[in-house]
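Here is a short note for a colleague who has not looked at this structure before. Please read the points with the model open.

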Amino acid sequence: MRKFIPYGRQYIDEEDIQAVVEVLRSDFITTGPKVAELENTITGYIGAKHAVAVSNGTAALHAACFAAGIGPGDEVITTPMTFSATANCILYMGGRPVFADIDPITYNIDPRDIEKKITDKTKAVIPVHFTGQPCDMDEIMRIADKYGLTVIEDGAHAMGAEYKGRKIGTIGTMTTLSFHPVKHITTGEGGAVLTDDKLLYEKMLLFRVNGITKDSDKMERNEGLWFCEQHSLGFNYKLTDIQAALGISQFKKLDFFLERRRKYAALYSGLLEQVEGIIVPKQLQYVNSAWHLYIIKLDLAKIRLSRRQVFDELRKRNIGVHVHYIPVYYHPYYRSLGYSRGMCPEAEALYESIITLPLYPSMEEEDIYYVADNLKDILRS
Ligand SMILES: Cc1ncc(COP(=O)(O)O)c(C=O)c1O
């Protein structure tokens, strides 16, 4: 039997390992010079003014919601076609997630539904660049300006993606990233928030260190070298220098990672677009996706198998397919908060027919052929 092909995995080379070993031999193993260097690397690559590196992408979303001042009574509009963390961060702040439906072509949040769901309680919108394809940011920014909303882009899938020639991370008020091993670069666990706004940046810097400052220019008084002041509520969301060193080393390969992902996605589409029963992901002309995920949609009316049967058959052949995502409000916890099925029909319909195929830079071209051939074979059977 062929070796298991997961849906995503990290790419670690000897240079990455050496970078981590070097930090282990140094004075700093928690937040130190490497974290600052990683932040500069991120802003240098993406073009945003400030980056705050944190312990994971969930913490990045939490920090962004904190900086945006989301609080009890506030509504924040997001998509159900995402990982729970995108909506959970609103709940952490006492706000209420409001789900807007997706566009059935791009699977991204539909700006028309965002506008329909705005009330006088709406404070922010969190679009997710699902699979790495940027959302319709012109429309989202137009709506945000019109209603005075903060835009927090969940860019966990979209490191290196471009919208009309602009890198994701330079458009909304804040953009969050994740450095989980299946993402574009990894630090084991890790994440960051990008912003051009200095005030928001400073709020998030404090948020990741329990709200405590040691900067004497900012303190009410200073009783000595031991002195510090807590100015806001915060968490320990620090990234370590061990992780940051890995991130810096990974960044050197980011263009190669993106190139591989784009090449393999094009290869999948070429092999699968003519296959009866398969709908390949559609890319808009003015975006350049970062291709975190490659998701096929099954045209269930044209095949004799269910999504479950196709999925299970692929797994039997050691192909680590997955489903992204169960609509967030299907989860029992969200149901306990009063959410129910029927809110976002397009997202719900999409969920019934999608399968995520393996895609990551350390795959070989023959793996793509293996997946595509097996998929065709299953659909023919
Ligand atoms: C869209 C999205 N947002 C947020 C997150 C959370 O990131 P992390 O796992 O680094 O906390 C993920 C992770 O899978 C994600 O896919």
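Which residues of the largest nonpolar core touch the most other members?

1. The model is predicted. Its largest nonpolar core has 113 residues, and those touching the most other members are Val-54, Ala-63, Ala-64, Val-125, Ala-192 and Val-193. Helix α3 (residues 57-67) gives this core its largest share, eight residues. The core also takes at least three residues from each of domain 1 (14-251) and domain 2 (254-380). As background, nonpolar side chains tend to be buried together in soluble globular proteins.

2. Apart from its neighbours within four places in sequence, Val-193 is in contact with Val-52, Val-54, Ala-60, Ala-63, Ala-64, Met-174, Thr-176 and Met-204. Among these partners are Val-54, Ala-63 and Ala-64, which are also listed with Val-193 as touching the most other members of the core.

3. How do α3 and helix α4 (residues 85-92) pack, and at what angle? Their axes are 9 Å apart and the angle is about 40°. Angles under 35 degrees would count as roughly parallel, so α3 and α4 are oblique to each other. The crossing of these two helices, α3 and α4, is right-handed. On the α3 side the contact is made by Gly-57, Thr-58, Leu-61, His-62 and Cys-65, and on the α4 side by Ala-85, Thr-86, Cys-89, Ile-90 and Tyr-92.

4. Helix α3 also packs with helix α7 (residues 198-207), at an angle of about 125° and with the axes 9 Å apart. The range for roughly perpendicular ends at 115 degrees and roughly antiparallel applies over 145, so α3 and α7 are oblique to each other. The crossing of α3 and α7 is right-handed. Ala-63, Phe-66 and Ala-67 of α3 meet Leu-200, Lys-203, Met-204 and Phe-207 of α7. Two of the residues in this packing, Ala-63 and Met-204, are also in contact with Val-193.

5. Where does the chain divide? Domain 1 covers 14-251 and domain 2 covers 254-380. The C-alpha centres of the two domains lie 26 Å apart. Domain 1 puts 31 residues into the contact, and domain 2 puts in 27 residues. On the side of domain 1 that touches domain 2, β6 (162-163) and α8 (241-251) each supply at least two residues.

Notes: Residues are numbered from 1 along each chain as its sequence is written. This is a predicted model: local features need pLDDT of at least 70, side-chain atom pairs count only at pLDDT 80 or more; totals for chains, interfaces and linings use all residues. A nonpolar core is a set of buried Ala, Val, Leu, Ile, Met, Phe, Trp, Tyr and Cys residues joined through C-beta atoms within 7 Å. A residue is buried if 20 or more other C-beta atoms lie within 10 Å of its own, exposed if 12 or fewer, and partly exposed in between; C-beta atoms are placed from the backbone. Helices (H or I, at least four residues) and strands (E, at least two) are DSSP runs, numbered from the N terminus. Domain bounds come from an automatic or database domain assignment. Two residues are in contact if their C-beta atoms, placed from the backbone, lie within 7 Å. Axes are lines fitted to C-alpha atoms, for helices over the stretch in contact, and angles run from 0 to 180 degrees between N-to-C directions. Angles under 35 degrees count as roughly parallel, over 145 as roughly antiparallel, 65 to 115 as roughly perpendicular and the rest as oblique. A crossing is left-handed if the near helix is turned anticlockwise from the far one by less than a right angle, and right-handed if clockwise.
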